[in-house]
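Dear colleague,

My notes on it follow directly after.

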Amino acid sequence: MNKDFSEIWVYLSASPLLALTLTLAAYQLGNWVYQKAGKNPLLNPVFIAVVALVATLLVTGTDYAAYFEGAQFVHFLLGPATVALALPLYRQIERVRKSALAISVSLLAGSLTATATAVGIAWAFGSSQEILISLAPKSVTAPVAMGIAEQLGGLPSLTAVLVILTGIIGAALGPLLLNVMGVKDMAARGLAIGTASHGIGTARAFQVSEVAGAFAGLAMGLNALVTAILLPLLWRWVF
Amino acid sequence: MIFYLTLIFACQLVGELLKVALELPVPGPVIGMVLLFAGLMVKRGIPEDLAKVGDTFLSNLSLLFVPAGVGVMLHIALIGEQALPITLALVGSTLATIAVTALVMRAMSRAEDAEARNASDE
């Protein structure tokens with residue numbers, strides 16, 4: 001970078017506006033690529049945006065804390081957005097009530113599978129205890145997962161990253177897997193994606209159908225609750 | 001509009017307070033979701049302006065995960081060292097979870113539908 005440009009960059013980096021604008025622009029780019037590619041789930045907009053932003057920050061030598069100063073305004077809205085998940089849930093209340101038992105059993109099965117297979121696979125490949133703990137709550141929404149990891153002696157910030165990656169993997173590959181399996185019921189599709197890949201899966205489910213989105217949001221909330229209660233108990237019992 | 005935005009924030013705020021006061025294992029926003037849901041049950045309907053505010057959040061939900069996702073750069077070295085086990089664990093476990101949840105849900109819904117005799121859609 002020439003001197004003038006780097007001076008401008010330093011000036012702009014000090015204000016939250018640059019990080020905020022870059023975040024929105026990167027997401028627009030991700031969405032544009034996703035739409036251009038015929039909504040191919042492999043080209044997840046969040047994934048593209050994250051890659052573009054990480055590349056930009058690395059090239060310009062900006063650290064994450066400086067970026068987050070601005071990006072936190074977007075991040076903050078995750079809270080109210082989670083509260084708003086009550087709306088689709090309310091709209092689907094009849095279906096939820098009708099399938100309450102099926103939802104509870106599938107959610108519990110999915111929740112146990114999520115933890116057991118993640119820890120099992122990483123353990124088989126010789127991962128350290130620290131990584132195993134950080135992986136265990138990876139299907140749970142980030143704030144809860146970080147709390148669980150901390151409680152068990154993992155690395156909360158690593159857990160946050162693993163949670164996001166899990167969300168992107170589920171959103172990208174989940175619909176393809178469900179197509180191969182021939183699962184057409186939007187309630188079952190939503191529940192599966194929400195259990196495995198929390199809010200990112202839920203966001204993806206909403207793009208497909210309101211029913212899938214509502215069930216995904218429900219699964220995300222319930223899985224957070226179930227894992228927060230069961231995982232610490234199971235962990236002490238197994239290890 | 002601002003009233004319902006305030007309501008959503010207030011639900012989250014009360015959720016955060018309850019979490020701390022009662023030492024609940026669930027995050028504040030999830031408790032806030034339960035509170036708003038309970039309110040809708042009592043009111044028996046979604047006010048139009050609340051729907052506008054809420055659906056604006058939900059239709060842009062993906063965007064809100066981007067800043068946290070960029071945090072991957074903090075752990076690039078550690079993830080690089082353990083790339084194989086982490087990749088296999090994340091991909092394998094996520095697909096297994098989706099398959100198990102969907103299969104159990106399908107099997108149980110069919111059983112329920114058979115009992116209720118009138119099948120739901122598809």
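In this predicted model, helix 10 of chain A is followed by A:Gly153, which has a positive phi near 95°. Within helix 10 (residues 142-152) of chain A, the buried residues are A:Ala142, A:Pro143, A:Val144, A:Ala145, A:Met146, A:Ile148 and A:Ala149. These buried residues pack against helix 9 (129-135), helix 11 and helix 13 (210-238) of chain A, and also against helix 4 (66-70) of chain B.

Turning to the contact between the chains, chain A contributes 93 residues and chain B contributes 62 residues. On the side of chain A that touches chain B, helix 11 (residues 156-181) of chain A gives the most, with 16 residues. That side of chain A comprises 66 nonpolar, 23 polar and four charged residues.

Helix 11 of chain A also packs with helix 12 (residues 186-208) of chain A, at an angle of about 130° and with the axes 7 Å apart.

Finally, A:Leu24 lies in helix 2 (residues 16-36) of chain A. A:Leu24 counts as partly exposed because it has 15 C-beta neighbours inside 10 Å. The C-alpha atoms of A:Leu24 and A:Ala49 are separated by 8.8 Å, although these residues are 25 residues apart along the chain.

With kind regards

Note on methods. Residues numbered from 1 in each chain as written. Chains lettered and ligands numbered in written order. Predicted model: local features only at pLDDT ≥ 70, side-chain atom pairs only at ≥ 80, totals over all residues. Contact = placed C-beta atoms within 7 Å. Helix = DSSP H or I, 4+ residues; strand = E, 2+ residues; numbered from the N terminus. Nonpolar A, V, L, I, M, F, W, Y, C, P; charged D, E, K, R; others polar. Buried ≥ 20, exposed ≤ 12 C-beta atoms within 10 Å, placed from the backbone. Axes fitted to C-alpha atoms, helices over the stretch in contact; angles between N-to-C directions.
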